[in-house]
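Here is a short report for a first look at a protein model. Keep the view open while you read.

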Amino acid sequence: TDVIIESSVGYFTEGPERKDDIVKAKQEGKELTKEEKQRLRKEKKQQKKSKEKKDDKPSRDSEKEKKPASAASPAPQTPTQPPAQKAPSAAPAPVPVPASETPSAADKPAKSKAELKAERRARQEAERASKGKKGDVGPQAAPGKPKAPPSELQPVVKRLPEHVQVDNPEVLKKLAKKLERQQTPEYNAATKIPLRSDYGYKVSLFSHLHQYSRKAPLTQQLGIPSTVIHPAIVRLGLQYSQGIVAGSNARSVALLHAFKQVIRDYTTPPNEELSRDLVNRLKPYISFLNQCRPLSASMGNAIKYIKKEISNIPSQCKEEEAKRKLLNCIDCYINEKIVLAAKAIAKYSIEKISDGDVILVYGCSSLVNHILCEAFEKNRKFRVIVVDSRPRLEGREALRRLVQKGINCTYVLISAVSYILPEVSKVFLGAHALLANGYVMSRVGTSQIALVAKAFNVPVLVCCETYKFCERVQTDSFVSNELDDPDDLIVTRTGTTQLEHWQEVPSLGLLNLVYDVTPPDFVDLVITDLGMIPCTSVPVVLRVKNVDQ
Amino acid sequence: MELQAVLMAAGGGSRMTDLTYNTPKAMLPVGNKPLMWYPLNLLERMGFEEVIVITTKEVQKMMSTDPKMKLDVKMKLDVVCIQEDGDMGTADALRHIQQKIKTDILVVSCDLITDVALHEVVDLFRAHNATLAMLMSKAHEFTETVPGQKGKKKTAEQRDFVGVDQSGKRLLFMANEADLEDGLSIRKSIMRKHPRMHIKTGLVDAHLYCLKKAVVDFLADNKSISSIRGELVPYLVRKQFSKTTNCPKIKDDAEDQNQKKNDGSTNHELLISSRDEPLLQLAQDRSCWNDHRGDMSEAYHGGKLRCYVHIMDEGPCYRVNTLAAYIEANRLAPKLFEEVPVHPSAVISERCQMGSDSYIGAMCQIADKTSIKRSTIGNSTTVKEKVKVANSIIMHGVTIEEGCNIQGSVICSNAVIGRGADLKYCLVGNGQQIEPEAERTNEVIVGADQLMEI
């Protein structure tokens with residue numbers, strides 16, 4: 001670290017002009033180059049270190065943790081990090097830095113020191129919030145890793161995000177400690193968010209993922225009138241883990257609905273600001289929900305949005321008004337990103353559906369069902385083949401909805417897909433998330449369908465709203481996935497349950513995967529609310545979104 | 001706050017008057033703890049911090065003097081007294097405390113002894129947004145001989161017929177045998193929606209209910225319902241399938257409410273919608289989950305009112321409302337809660353033979369050459385020499401003179417058993433005196449004033 005300081009001194013002397021450029025660039029909304037960003041961070045660190053000598057210890061410790069974090073994160077030069085981190089963190093950070101720089105140079109009375117501290121704290125919170133948002137969406141999708149732990153200082157190579165290292169005991173210990181720390185402020189250390197324990201033997205390829213049993217809900221370990229966690233969140237967590245609310249859109253809507261209840265029942269404690277305290281209040285809830293069922297990409301984006309909205313509330317805003325504003329934001333978000341997006345996508349898709357079409361759908365995607373129902377209402381003549389797979393058998397629900405409308409449907413299991421494909425003219429697939437390298441993450445079995453469709457030269461259209469676009473990059477289904485309850489695979493036929501005692505057979509493991517990734521080569525078109533784009537244009541959309549924000 | 005606990009401790013114990021004519025049911029000693037300690041302990045273990053206790057003044061007085069209640073119960077007890085002789089049913093009591101109820105409630109009866117994992121019941125209530133969630137248990141056979149029972153055991157009391165759906169969680173039908181004189185009839189609408197129904201009769205209702213706040217408000221308007229178990233629960237179960245609640249009332253809610261206020265009609269509907277109802281509806285719409293398959297309707301058949309039941313297969317669950325249940329509970333409850341067999345303040349002489357499953361209360365005095373097997377002895381009891389006590393329940397403040405032989409009996413508080421008495425399968429009432437050298441078998445010995453109360 002000494003080395004870095006000395007080298008940055010040189011920057012510091014020619015700082016002002018460069019900084020002006022950078023600030024100007026930011027104000028004009030241009031993109032920063034990587035060097036400029038690194039320079040900014042080094043300057044920030046330098047200023048922090050110089051102020052450190054004048055200030056007390058407690059703030060220093062927290063700063064120190066922030067500094068290495070900000071230093072470590074630019075070091076690994078992955079393409080996914082800069083876009084996400086640039087916009088949120090760079091925006092609040094450098095602006096107070098130049099402002100506070102000049103006061104720090106001269107000697108001042110104690111009052112401006114307090115101001116400095118407050119500014120620094122505000123900056124840290126903003127950075128923490130932004131890192132938390134990035135953490136929610138990026139590879140660190142799960143237990144909300146707000147700041148990089150100190151151990152990630154040194155290595156330049158990006159390590160696997162912590163949440164997927166279930167087979168590493170130290171990581172688990174750290175996670176347990178972090179859950180302990182994430183208590184609601186008014187509660188003592190006596191209660192904390194419990195850790196849900198894994199169940200059953202895990203197949204070795206997926207031993208880094210969590211595998212929970214539906215019969216052991218997290219509520220077992222919580223007190224009954226749950227006071228640590230808001231009752232709406234407990235209800236939501238239960239509904240997630242029991243599968244009552246399933247499907248990307250449904251989960252996001254239910255999540256935002258629960259957040260609305262939380263915001264309604266929230267009161268700012270004295271001496272706290274709503275913008276900071278409410279975000280902290282939401283953190284343990286998100287950890288809880290993550291334990292009930294790993295967060296989806298759409299949920300992650302929704303959480304990012306909410307946290308941004310909350311932190312952007314000006315401090316002079318009264319509580320009632322702030323709450324009203326937030327509730328309004330949530331309603332707008334749902335309306336725009338989910339309801340209206342569905343309408344737009346339906347409009348685009350109907351152009352692609354012609355009379356006499358035979359459309360193949362897989363599983364139950366709320367968006368695809370919506371599209372087909374709309375097309376049917378607009379008097380397009382087509383029939384649908386619903387492909388289903390065990391153990392979820394979601395296709396039955398899709399079948400029910402389509403038949404209820406009056407659409408002609410055929411139902412097959414996925415094992416018959418190559419038999420039925422010669423009849424099919426188009427394949428419509430829903431997506432759980434669209435990754436930054438163009439891969440489609442969807443229900444397990446989707447990539448199979450896309451592969452077979454490609455082999456038969458049948459066009460594959462993926463329908464996905466833009467709020468499900470995610471900055472993660474994945475090329476295989478192993479590194480990040482979800483393991484469902486293995487007991488779901490057990491079935492009783494004619495009175496006998498063969499797999500009843502599967503745990504006693506030492507060499508047997510049951511694997512119930514939930515998601516898989518489809519490469520962009522198999523996808524012909526992605527229909528989003530922004531229009532119809534090829535799969536490889538996803539990073540462009542992400543970039544455009546970030547600039548807008 | 002999520003749930004408020006309400007403990008109903010004003011019941012009279014009408015099915016065991018021999019025990020309760022002097023001691024209120026809620027304070028009957030079971031394993032040397034007052035009966036209401038058990039549900040309170042259950043609530044405390046689950047994490048409740050406050051309980052509203054509905055009881056009579058007498059019980060309140062006894063509660064404040066009982067050391068067990070003061071020490072062991074750490075929750076805040078909000079005691080509401082009601083008239084004892086008034087005909088107040090459990091639902092009437094809820095109506096009485098309507099002002100205190102701010103959120104959904106968990107109603108427990110004071111005579112419930114169980115170690116159920118309450119989260120099973122409450123999870124049903126939460127996950128399905130249910131209006132009612134209750135607990136039932138498979139009935140256990142009572143094996144102990146009941147004192148004072150003449151002749152063969154009476155046939156089972158009026159049975160309850162409980163109909164559940166295939167998953168065993170949704171409550172479809174509930175009726176008592178007494179109401180089914182013409183036979184059991186099930187509405188076609190229920191059969192259409194749930195073609196497979198399991199009807200069970202061997203279940204014991206634990207009288208533990210989770211109710212939505214809207215139900216309490218509904219009770220406040222409908223004064224005709226006076227008992228939760230007898231009237232409210234069957235009403236809610238029936239209402240699940242009634243046509244009016246299934247009609248979507250979301251948009252017209254505001255108008256309907258105004259209309260009703262103007263009509264002033266007595267048949268107030270149970271309004272189950274919540275804030276942000278459209279959002280909830282949207283989430284349910286987009287979710288690919290259904291609680292049933294085979295027909296064209298959406299999850300829950302679009303019904304807003306849902307009743308769920310959790311049926312315990314194993315584990316103790318007793319309702320102490322009859323003498324047989326009381327004896328059984330005394331046998332098993334101390335084991336459940338790992339009672340210390342001998343209270344530290346009891347004085348027991350060395351030459352006393354005590355079985356391992358006997359429980360001695362505080363400040364007892366047990367003299368030499370006594371033999372105590374499988375029995376519970378209450379506080380401040382004096383047992384003199386050469387007494388044999390087997391399979392019995394002895395309450396507080398009893399004096400047993402020398403040479404007595406007590407088997408399979410229940411001796412109530414402050415009784416005096418004269419020397420050399422031989423009691424087999426008897427029930428000695430409160431404050432009674434058994435003369436020396438008496439020999440009683442299978443008798444209920446109570447005071448003259450109690451006899452008149454029939």
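## A helix inside chain A

Of the 15 residues of α12(A), 13 are buried, so this helix is largely enclosed by the rest of the structure. Buried means under 20% relative accessible area, exposed means over 50%, and partly exposed lies in between (1.4 Å probe, protein chains only). Helices (H or I, at least four residues) and strands (E, at least two) are DSSP runs, numbered from the N terminus.

This is a predicted model: local features need pLDDT of at least 70, side-chain atom pairs count only at pLDDT 80 or more, and totals for chains, interfaces and linings use all residues. Residues are numbered from 1 along each chain as its sequence is written, chains are lettered from A and ligands numbered from 1 in the order in which they are written, and side-chain values use heavy atoms, with hydrogens and water left out.

Helix α12 of chain A covers residues 297-311. The expected span of a helix is 1.5 Å times one less than its number of residues. For α12(A) that gives 21 Å, and its end C-alpha atoms are 21 Å apart, which agrees.

## The rest of chain A

Chain A has 18 helices and 12 strands. Buried residues make up 53% of its 549 residues.

Cys292(A) sits in helix α11 (residues 274-292) of chain A. Is Cys292(A) buried or exposed? At 7% relative accessibility, Cys292(A) counts as buried. Not counting residues up to four places away in sequence, Cys292(A) touches Arg196(A), Leu218(A), Gly237(A) and Ser241(A). Contact means heavy atoms within 4.5 Å.

Now find strand β10 (residues 515-518) of chain A. Tyr515(A) and Val517(A) point one way, while Asp516(A) and Thr518(A) point the other way, and all are buried. In a regular strand the side chains alternate between the two faces of the sheet. Four bridges join β6 (residues 440-443) of chain A to β10(A), and the two run antiparallel. Two strands pair if DSSP finds at least two bridges between them. Met441(A) stands opposite Val517(A).

## A sheet in chain B

Chain B has an open sheet of three strands, in the order β10-β9-β11, with antiparallel pairing. The edge strands are β10 (171-176) and β11 (198-200) of chain B, each pairing on one side only. Three bridges join β9 (residues 160-164) of chain B to β11(B). Here Val162(B) stands opposite Lys200(B). Helix α9 (residues 228-239) of chain B packs on the sheet and touches β9 and β10 of chain B.

## Salt bridges

A salt bridge is a side-chain nitrogen of Lys or Arg within 4 Å of a carboxyl oxygen of Asp or Glu. The table shows some of them.

| Pair | Closest N to O |
|---|---|
| Arg392(A) and Glu394(A) | 3.6 Å |
| Glu177(B) and Arg159(B) | 3.2 Å |

Glu177(B) lies in the loop between β10 and α7 (188-193) of chain B, and Arg159(B) in the loop between β8 (132-138) and β9 of chain B, so the pair ties together parts that are 18 residues apart in sequence. Salt bridges that share partners join Arg214(A), Arg392(A), Glu394(A), Arg443(A), Asp484(A) and Asp488(A) into one network.

## Where the chains meet

The contact takes 40 residues from chain A and 34 residues from chain B. How many salt bridges cross the interface of chain A and chain B? The rule finds zero.

Key. Axes fitted to C-alpha atoms, helices over the stretch in contact; angles between N-to-C directions.
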